[in-house]
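Please open the structure in your viewer and keep the selection panel at hand.

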Amino acid sequence: MKYFKILVIPLLLISVISISCERDDICPDSTPTTPRLIIDFLDTNNEDNNKNVVNLLIIGTGNENTLSVFVENDEINYNGTANLSTAYLPLKTDENTTQYSLIKDFSINDAGTPDDTSDDFAEGNEDIITINYSRKEVYVSRACGYKTIFENVTLTFEPDTDNWIKARQPLNDNQSIEDETTAHFSISH
């Protein structure tokens with residue numbers, strides 16, 4: 001009986017410990033994580049139709065390392081321009097405001113000296129958009145950790161003498177961004 005207790009008690013403890021442990025998961029790519037803001041660009045003359053923004057350059061502002069992004073076919077690409085009818089913009093998860101510069105008809109003017117980049121300058125029509133929101137952390141899983149969802153989202157643009165953005169519209173009341181299944185705002189141009 002003494003040997004029975006010596007063998008059964010450790011086996012019972014090992015069984016209980018192994019049953020209570022979760023396997024070490026890897027977060028699958030299909031698991032929704034922190035969503036991006038989706039903006040549809042619409043035709044001002046017919047807001048039922050999407051309209052590409054020609055040579056659009058999108059630049060995130062507010063940090064030392066300004067990042068140029070354009071989004072095409074649901075992929076974020078860096079340092080380029082695109083003709084877009086939809087943009088997917090990441091929002092800051094450590095602040096309640098994100099700002100972007102949207103430059104339509106973007107190009108680099110080489111000032112007539114193609115071999116000398118020191119005198120190059122950017123051309124295009126720049127509009128600044130500001131996105132304000134409140135953040136909420138949501139637990140996804142042990143493997144994936146937390147994601148941030150954004151609530152009470154507003155989008156404004158700074159008026160200037162030649163705005164290419166004519167109007168913006170949230171696509172539902174009390175705008176929140178919890179996933180990337182539908183557009184969150186539309187911008188008419």
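Begin by selecting Tyr133 and Phe150, both of which are buried. The coordinates belong to a predicted model. The ring centres of Tyr133 and Phe150 lie 5.0 Å apart and their planes meet at 75°, so this pair is edge-to-face. Colour the strands next: Tyr133 belongs to strand S9 (residues 121-141) and Phe150 to strand S10, so that the pair links distant parts of the chain, 17 residues apart.

Now move to Tyr139 and Tyr146. Here the ring centres are 5.3 Å apart with planes at 70°, which is above the 60 degrees required, so this pair too is edge-to-face. Tyr146 counts as exposed because its relative accessibility is 56%, over the 50% cut-off. The count of aromatic pairs in the model comes to 3.

Turn next to the charged surface. Select Glu126, Glu158, Asp160 and Asp162, which form a negative surface patch. Within this selection, centre the view on Asp162, in the loop that runs between strand S10 (145-157) and strand S11 (167-170). Is Asp162 buried or partly exposed? Its relative accessibility of 43% makes Asp162 partly exposed.

For the last stop, select Asn52, located in the loop between strand S2 (46-50) and strand S3 (53-61). Asn52 has a relative accessible area of 41% and is therefore partly exposed.

Methods: Residues are numbered from 1 along each chain as its sequence is written. This is a predicted model: local features need pLDDT of at least 70, side-chain atom pairs count only at pLDDT 80 or more; totals for chains, interfaces and linings use all residues. Side-chain values use heavy atoms; hydrogens and water are left out. Patches are made of residues with over 30% relative accessible area and no salt bridge: like charges are joined within 9 Å, nonpolar side chains (Val, Leu, Ile, Met, Phe, Trp, Tyr) within 5 Å. Accessible areas come from the Shrake-Rupley method with a 1.4 Å probe; for residues, only the protein chains shown count as cover. A salt bridge is a side-chain nitrogen of Lys or Arg within 4 Å of a carboxyl oxygen of Asp or Glu. Lys and Arg count as positive and Asp and Glu as negative; His and the chain ends are not counted. The place of a charge is taken as NZ of Lys, CZ of Arg, CG of Asp or CD of Glu. Helices (H or I, at least four residues) and strands (E, at least two) are DSSP runs, numbered from the N terminus. Buried means under 20% relative accessible area, exposed over 50%, partly exposed in between (1.4 Å probe, protein chains only). Rings of Phe, Tyr and Trp (its six-membered ring) pair if their centres lie within 6.5 Å; planes under 30 degrees apart count as stacked, over 60 as edge-to-face and the rest as tilted.
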